Amino acid sequence: MILLCGIRTEPPLAMVADALETLGVDFRVVHQRDVARYRIHWRLDAGAVSGSLDLDGEVVDLATVEGVYLRLMDDTLLPELAELTADDPARAHARGFHEALFRWTELSPARVVNRAEPQGSNGSKPYQAQLIAAHGFAPPPTLITTDPAAVLAFRAEHGRLIFKSISGIRSVVKVLEDVDIERLDRIGWCPVQFQKAIDGANIRVHVVGDTVFPTEIHSTHIDYRYAKRHGGETTLSAISLPPEIAARCVALTQSLGLAFAGIDLIRTENGDFYCFEVNPQPAFSYFEANTGQPIADGVARYLAGMAMPGAKRARPRRAKPR
Amino acid sequence: MALILCEISDAAALWAAARLQERGVAVDLVFAPTLGAATRWEHRVDLHSATVEVTLPDGRHLSSRHAEPILNRLSFVPVERLRTVGGGDFGYAVQEYFAFYLSWLHAWPATVLNRPTPQGLSGNYRHPSAWASLGAHAGLPVRAWVQDEADPPDTAWLTAAAEVTAFVVADTVVLPPALPEGLAEGCRALAALAGNGILGIDFARGADGDEWQVVGASPMPNLMLGGERLLGSLAAALGA
């Protein structure tokens with residue numbers, strides 16, 4: 001039994017549901033908007049987890065759950081709860097259910113895509129960059145500072161710079177322009193992250209277990225996610241990676257404790273690979289819709305413990321020490 | 001010299017600082033508001049290294065080039081200065097500072113007890129159910145955990161009251177006299193599984209009144225409960 005937890009129509013979740021259907025794998029959707037009709041009870045005793053999940057009258061023995069795909073939205077924002085007061089019992093039920101479900105997924109022996117704890121590294125880009133570097137992937141030279149003079153020296157050393165948030169909030173990449181230099185003294189309030197701008201091809205590598213789905217991105221804008229919003233254009237195409245790079249992506253994903261990840265790389269003209277980020281909740285539907293890469297099928301097979309037919313399986317290699 | 005990063009009101013850290021100094025260990029206290037008022041930060045990350053330079057408002061300078069061991073008792077980023085930012089930017093600034101502190105403390109090239117994690121600046125603040133699971137995997141007797149949708153999420157963080165606390169500092173276990181020696185190995189294993197250089201493990205007796213069971217653990221324990229034996233381990237772990 002596989003559980004898909006989230007909103008039934010959300011593209012990544014719906015695509016994995018379709019893939020499981022095609023594979024003939026038994027699954028249930030824990031549709032958050034039906035939370036009022038759900039119950040959960042579980043117990044941890046001497047390291048063993050047991051319990052049951054009641055989905056509107058159908059009781060699932062949690063011991064039979066082999067895989068869980070988590071795409072949960074913030075339950076406090078569910079439309080069904082919008083008109084309710086903060087102390088309404090329906091809100092308390094929804095919170096209690098989600099908390100109990102979440103805690104169970106953290107401890108369940110099932111294949112969970114992805115557990116919450118390993119996703120934490122994505123909340124600090126320079127912290128994650130240190131973990132990435134330990135796997136031999138070069139992060140762009142990075143400076144985080146409150147000192148305008150340090151930024152100017154960094155710019156003189158590296159040339160064109162970009163700046164972006166340190167955390168995962170307001171994560172938009174911008175080029176440091178001359179007009180920004182004029183307001184550089186404001187960074188004294190809060191450290192700002194600057195990086196050498198790396199020119200090259202943007203590559204998103206979706207890793208599922210030990211299978212990689214690399215996609216090359218051509219965009220008119222430095223942050224391809226926002227190109228269309230600013231009148232630009234982005235095109236995607238499936239590519240192959242050098243085996244060593246593919247293996248490094250798998251090893252990095254596994255070392256972070258993730259089953260599924262979206263790794264952002266840049267390949268320079270010299271063939272060097274820089275790694276910017278490991279996204280632990282990749283909304284892969286955009287990539288699959290534009291390239292036909294069977295990423296949802298990969299996630300479905302991982303959840304079900306099924307092998308990927310004919311897929312590029314990358315063997316992780318031990319990273320060189322820093 | 002050892003650095004102790006802590007809140008002004010952290011009685012356990014102040015106690016440890018005073019007692020370590022009595023033992024002849026040089027200690028430099030850096031209070032969170034002082035750190036939060038730093039006049040200059042510079043943190044660099046590349047493939048081969050990660051460095052940090054901090055200038056404090058009182059003129060002290062912390063540098064990864066001359067890194068001292070750290071007893072890290074920061075539970076949250078210092079926010080006093082950030083309050084002046086105001087408006088919706090306050091929450092953003094707090095997130096930015098947390099991400100920044102996580103990175104520079106992780107990068108510090110000397111002993112840090114404890115290194116930060118995304119789940120807590122002084123180590124991973126786990127849910128009681130997660131401690132129960134880890135404790136069982138470490139071979140310790142653990143109180144069972146039960147949860148359902150009727151449990152208020154906030155109170156689900158509450159654990160049974162501890163009767164005694166065991167400590168693990170680096171590889172050394174400090175057991176209170178009430179606990180049997182046979183629990184030492186499990187305590188050591190739990191700290192290793194948790195990735196903590198220092199860990200307080202709370203025990204209480206089971207319903208039958210005989211068996212000691214783990215009821216919780218903390219990466220920022222009340223050091224005073226460990227007494228002189230804990231101080232000795234702490235001094236050794238800090239290389240002082």
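Biologist: Why is helix 4 (residues 128-137) of chain B called largely enclosed by the rest of the structure?

Modeller: Nine of its 10 residues are buried, so helix 4 of chain B counts as largely enclosed. Buried means that 20 or more other C-beta atoms, placed from the backbone, lie within 10 Å of a residue's own; 12 or fewer is exposed, and in between is partly exposed. Trp131(B) and Leu134(B) are among the buried ones. Bear in mind that this is a predicted model, where local features need pLDDT of at least 70, side-chain atom pairs count only at pLDDT 80 or more, and totals for chains, interfaces and linings use all residues. Residues are numbered from 1 along each chain as written, and chains are lettered from A and ligands numbered from 1 in written order.

Biologist: What do the buried residues of helix 4 of chain B pack against?

Modeller: From chain A, strand 3 (38-45) and helix 2 (89-107); from chain B, strand 8 (145-148), helix 5 (184-194) and strand 12 (212-218). Contact here means C-beta atoms, placed from the backbone, within 7 Å. Helices (H or I, at least four residues) and strands (E, at least two) are DSSP runs, numbered from the N terminus.

Biologist: How many residues does each chain bring to the contact?

Modeller: Chain B brings 45 and chain A 49. Helix 3 of chain B gives the most to its chain's side, with 12 residues.

Biologist: What makes strand 8 (residues 142-145) of chain A and strand 3 of chain B a pair?

Modeller: Pairing takes at least two DSSP bridges between two strands. These antiparallel strands have four bridges, so they pair. One bridge links Thr142(A) with Val45(B).

How values were computed:
Contact = placed C-beta atoms within 7 Å.
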